[in-house]
Each structure stands twice: as C-alpha cells, then as structure tokens.
Amino acid sequence: MTSVTLENIVKHYVPPIGAAETHPVSGLDRVNIRIEDGETISVVGPSGCGKSTFLKVVAGLESTDEGKIFYNKVDVTNITPQARGVGMVFQDYALYPSKEGEDNLGYYFEVRKKTEEEKQQRLRETAELMGIGFDLLMGRQVDTLSGGEKQRVGIARCIVREPNVFLMDEPISNLDAKLRERTRTEIKRLLKKFSITTIYVTHDQQEAIFMGDRIAVMRSGRIEQFGTFDDLYYSPANLFVATLIGTPPMSVIPVTLQNGILQIADASLTVPAEVAEKLPEGALRFGVRPEAWSVVNEPSSALTMSVARVERLYTERAAFASGQIGGASVNVLVPLDFPAEAKEIFLQPDWTQASFFAADSETALHTPGAPELF
Ligand code: ADP
Ligand code: MG
C-alpha cells in the first residue's frame, strides 16, 4: 500500500571527462508527480529523455541534486534501495542464467535467512499468482527459457519479495513483435492481480497506452503531461504530446485566422463562432486527427488533399489515405473500400474535434476535450 510522490526532483549527470559537452546533462529537470497507491503508470518518451533516470531515482539507485521523494508520507530521499523495498524488471533480465527458475526466486530467501517453510509457502503463493504453466518454468534452467518466459520469471522474482513499488524498464522491448503483444497482455493481467503501485517505462506509445492507468509523457528530463489516455489524446498540453500520442499521428497544418475565416493553402474555411472566439487572429497551427476528417464530394468549402498513398489495415477494418495539404502531411481515416487510385480528395474538418496551436511555440490554444460517450 504505497503512493509515490516526487517533488521538484532535479538530477544532473556530469559528462565523463573528455566528453564533447562541458555542461552537465539534465537527467531530470524539476519533475513533480504523484502516483496513487495501486496505480500502474506508464512513462513514455524518446530515447535519452530521462525515463530510466526517473526509475532509478524512485528506486534509490541514483541520488538526486534537488527535491524530495516520498513513499506514502515517508521521505525516502536518502534511504537505500534495499530499505525502499522496490522490485525492478529490466530489459535485460538480470536473472542468474545457470540457475533454475526456482533458485532465482529462492535466492532472496537465502540472503534474508528465511526458513525453508517460509520460502516454500511464499514460492507456492507466487506460482499461484503467476498462473497456468508457471510451475513448469520454475524447474527449468534460465538460459533454456525464451525471452517472454525469462520475463515471467523476472517478474515472479520481484513478486516473491512483496515489493512496495514495482518498477519496469522497457521489460519487453527485446522480444519479437508477436511475443511482445502476448507478454504485455500477460504482464497487464499480473499487475491487475497484484495491485502493487507500478511504474512502467517504455519508448513505445502504444505499449504505454496499453499498460498505464495514467501516462506520463517525458521529454528532455521533464514531464510534459501526466494524465489518462483521454487527457493526452483530446486535451494535449502542447504540440509534442499531441503528435506523440495517436497512430497515425495528428496532422498539423500552418494556417491564418482572420475575421473567423481560416486560410489554409489557397482554401478558406469558416470557423464556427464558438471555436473562433477562443483563438487569437493571425498565424496558427491547425491540428486534426485522422478520424476527424470527412471526405466530401465537392471542393467548395473543403480542403483539397493530394493523395500519396492508401494503406489498408484489414485487422482494424479501416484504411488511411495520406497526402499533403499546403505542404503539411495529412492522414485521413477512410473506409476499407476507398479507391486506391484516388489522386485528390476533398476534406472537411470536424470542428468539434479540431485543435489549434501557436504558430511560433508548441502551446495548445484550443483542444477539443474528450467526447461524452454516454
Ligand atoms: P532514457 O531511459 O529515456 O533513454 P536515460 O534516463 O537513460 O534516458 O538518460 C537521460 C540522459 O541522461 C541521457 O542524455 C543520458 O545520456 C544521460 N545519462 C544517463 N545515465 C548517465 C550517466 N550515468 N552518466 C552520464 N550521463 C547519463
Ligand atoms: Mg532507458
């Protein structure tokens, strides 16, 4: 039963002697976050943005330069990783390869001088939690296991210790695509069962969305936004979040707004008054997601997109047409039977789903907010 709070955390790395840069690397740059008890959050962002640093600081494996970390109300900033009671699973499994699965789990009890009875009891509970087939893994030597099986043992090894907080750093990015999908479903099932506070790090936005109750988007040592998928998708804090979340991504088109008329390339669209009144006049950036376009028959009051290609996703029962409007790349969700030979299509945006950003910064000026589903 542990909530985790980071208050104003700053972590600088000093580059190694001889490194090209002379100033310290900002690993974490004023990070504030509160992760509720039992919640699974994902941390997502490009390589080098500070995700692993974030986990290490929560675990106590890296010191901080400023700020405080709390587990519940206890200040753990200067407490050792052992005393914090975290379980970590990394991309490289960090198991003892020549030992059997069971010994990998049992090692902890030897170190902690627990009785054989306590050990067997806890191992039984863990195997039960881990579910079908886990008993079989326990008897096998680790280097004979597949990547996905190793990660199951890795997770079990954390669970056996009854951690306060569970930290996972890109645990499945080494697996091939099919196994990755299966393993992430398995991990999610386990996390739901454990209800241990979990921080799950990944560079893959789809994985982040799948795993996290809430998602923290990081860039350059900062948390750009922390919220549910709906928050990030419908109310992105800025252009970075808006274009990171969503596949294919939101299209962003340079426009000019004057007297309620939006000038896009050589077309003009009338913006509904309730949207226009929230926006400044002049140069802006107009953000539209693939599903927020309608294909229309007439070029009047529509934008013309030159179609570069049509991609069909049979598994999703959908297709995407991509092309250009006014020099910006645009993706449009179209029906599966959309003609492959289409060279030009006419589009109208759904104004209730459109976003606007400043022309000269990434600031969001207007976002649609989540639709009401019920
Ligand atoms: P991520 O996990 O998101 O890829 P990291 O947290 O590993 O990012 O790294 C964040 C930044 O800190 C990067 O610029 C990285 O090069 C730098 N960094 C990480 N660890 C060290 C270290 N031990 N010494 C110096 N710089 C480091
Ligand atoms: Mg990393």
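Leaving aside its neighbours within four places in sequence, which residues is Ile172 in contact with? In this predicted model, the contacts of Ile172 are Gln151, Arg180, Thr183, Arg184, Ile187, Tyr200 and Glu207. Ile172 itself sits in a loop, with strand E7 (165-169) on one side and helix H7 (177-194) on the other. One of the contacts, Arg184, comes 12 residues away along the chain, and the C-alpha atoms of Ile172 and Arg184 are 7.5 Å apart.

H3 spans residues 101-111, and its buried positions are Gly101, Asn104, Leu105, Gly106, Tyr108 and Phe109. What do these buried residues of H3 pack against? Their partners are three helices: H4 (116-130), H5 (134-138) and H6 (147-159). After H3 comes Lys113, where phi takes a positive value, near 55°.

The next stop is the ligand site. Around ligand 1 stand Tyr13, Val25, Pro46, Ser47, Gly48, Cys49, Gly50, Lys51, Ser52 and Thr53. Sorted by class, this shell consists of four nonpolar, five polar and one charged residues. Helix H1 (residues 51-59) contributes the most to the shell, namely three residues.

Several polar atoms of the protein approach oxygen atoms of the ligand. On the backbone, a polar atom of Gly48 is 2.7 Å from an oxygen atom of ligand 1, and a polar atom of Lys51 is 2.9 Å from an oxygen atom of ligand 1. From a side chain, a polar atom of Thr53 lies 2.5 Å from a ligand 1 oxygen atom. Ligand 1 would expose 570 Å² if taken alone, and the protein buries 64% of that area.

How many aromatic pairs does the structure hold? There are five. One of them joins Tyr233 and Tyr234 in an edge-to-face arrangement, with 4.9 Å from centre to centre and 80° between the planes. Are these two tyrosines buried or exposed? Tyr233 and Tyr234 are both buried. Ring pairs also bring in Phe229, which forms a cluster together with Tyr233 and Tyr234.

Technical notes. Residues are numbered from 1 along each chain as its sequence is written. Chains are lettered from A and ligands numbered from 1 in the order in which they are written. This is a predicted model: local features need pLDDT of at least 70, side-chain atom pairs count only at pLDDT 80 or more; totals for chains, interfaces and linings use all residues. Side-chain values use heavy atoms; hydrogens and water are left out. Buried means under 20% relative accessible area, exposed over 50%, partly exposed in between (1.4 Å probe, protein chains only). Helices (H or I, at least four residues) and strands (E, at least two) are DSSP runs, numbered from the N terminus. Contact means heavy atoms within 4.5 Å. A residue is near a molecule or strand if one of its heavy atoms lies within 4 Å of it. A polar contact is a pair of N or O atoms within 3.5 Å; within protein, one must be able to donate a hydrogen and the other to accept it, and residues adjacent in sequence count only if both atoms are side-chain atoms. Accessible areas come from the Shrake-Rupley method with a 1.4 Å probe; for residues, only the protein chains shown count as cover. Ala, Val, Leu, Ile, Met, Phe, Trp, Tyr, Cys and Pro count as nonpolar, Asp, Glu, Lys and Arg as charged, and the others, Gly among them, as polar. Rings of Phe, Tyr and Trp (its six-membered ring) pair if their centres lie within 6.5 Å; planes under 30 degrees apart count as stacked, over 60 as edge-to-face and the rest as tilted.
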